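This briefing goes through one protein model, topic by topic. Please read it alongside the sequence and the coordinates.

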Amino acid sequence: MRRFKQTAVFTVATAAALAGSVVMGSSPAMAASSPTAACGSGYHVIDSHAIGGLATIYLLYNGSTNCVVTWKSSKYQGVYSTTGASIQKQGGKRIDDTDFYMSYAGPVKVSAPGTCVSWGGVASNGAGGGDSWQSGWTHCG
């Protein structure tokens, strides 16, 4: 009986810990190894912008769809902090992914062949400091 109670307590504690880790923060189910991997096969970097040494925002393209990923600098990898990526097709709605992430935000994608896009992101250091950047209408081809 005692062995059953110990096993039951361990099982409940493990389940609670796992549930807590799922709720802890948003993160991709399977973290990508690079901004290109985050967007998927066929994408290549066409522009980037560093934000305050905290992260770099990458704009990628695959011939018809733009993708934005904000990749945290190595110093801030593994720390939950506000990180965001956004993109908007001219005449369309802004698509945004901002949350507490450990490695990167995004990918956010929009199909925009022959249309200008505005892209950007935000990053923080987890201790109250942060920065953001947003492009004007660009990459119009």
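The model is predicted. Two helices and eight strands make up the secondary structure of the protein. The structure also holds two disulfides.

**Overall make-up**

- Along the sequence, the elements follow the pattern α-α-β-β-β-β-β-β-β-β.
- The protein has 141 residues, and 33% of them count as buried.
- Taking contacts between residues at least 6 apart in sequence, 48% join residues that are at least 24 apart.

**Hairpin of E1 and E2**

- Strand E1 covers residues 44–51 and strand E2 covers residues 55–61; the two run antiparallel and are joined by seven bridges.
- Three residues lie between E1 and E2 in this hairpin.
- Gly 52 is in the turn and has a positive phi of about 55°.
- Ala 50 has Thr 56 in E2 as its bridge partner.

**Open four-stranded sheet**

- Four strands form an open sheet in the order E5-E4-E7-E8, and their pairing is antiparallel.
- The edges are taken by strand E5 (94–101) and strand E8 (130–134); each has a single partner strand, so one side of each has no neighbour in the sheet.
- On average, neighbouring strands of this sheet are turned by 5° against each other, with direction ignored.
- Strand E7 (residues 117–124) and E8 run antiparallel, with five bridges joining them.
- Opposite Gly 120 stands Gln 134 of E8.

**Thr 70 in strand E3**

- Thr 70 belongs to strand E3, which spans residues 65–72.
- Is Thr 70 buried or exposed? Thr 70 counts as buried because its relative accessibility is 0%, and the cut-off for buried is under 20%.
- The side chain of Thr 70 reaches the backbone oxygen of Gly 84, at 2.6 Å.

**Disulfide of Cys 39 and Cys 67**

- The sulfur atoms of Cys 39 and Cys 67 are 1.9 Å apart, and the two residues form a disulfide.
- The link of Cys 39 and Cys 67 is left-handed, with -85° about the S-S bond.
- Cys 39 lies in helix H2 (residues 35–39) and Cys 67 in strand E3, so this pair ties together parts that are 28 residues apart in sequence.
- Both Cys 39 and Cys 67 are buried.

**Disulfide of Cys 116 and Cys 140**

- Cys 116 and Cys 140 form a disulfide with their sulfur atoms 2.0 Å apart.
- The link of Cys 116 and Cys 140 is right-handed, with 110° about the S-S bond.
- This pair links distant parts of the chain, 24 residues apart: Cys 116 is in the loop between strand E6 (104–111) and E7, and Cys 140 is in the segment after E8.
- Cys 116 has a relative accessible area of 13% and is therefore buried.
- Cys 140 counts as partly exposed because its relative accessibility is 40%.

**Disulfide pattern**

- With bonded cysteines counted along the chain, the disulfides of the protein follow the pattern 1-2, 3-4.

How values were computed: Residues numbered from 1 in each chain as written. Predicted model: local features only at pLDDT ≥ 70, side-chain atom pairs only at ≥ 80, totals over all residues. Heavy atoms only, no water. Pairing = 2+ DSSP bridges. Buried < 20%, exposed > 50% of the residue type's maximum accessible area, 1.4 Å probe, protein only. Contact = heavy atoms within 4.5 Å. Polar contact = N/O pair within 3.5 Å; in protein donor to acceptor, adjacent residues only side chain to side chain. Axes fitted to C-alpha atoms, helices over the stretch in contact; angles between N-to-C directions. Disulfide = S-S within 2.5 Å.
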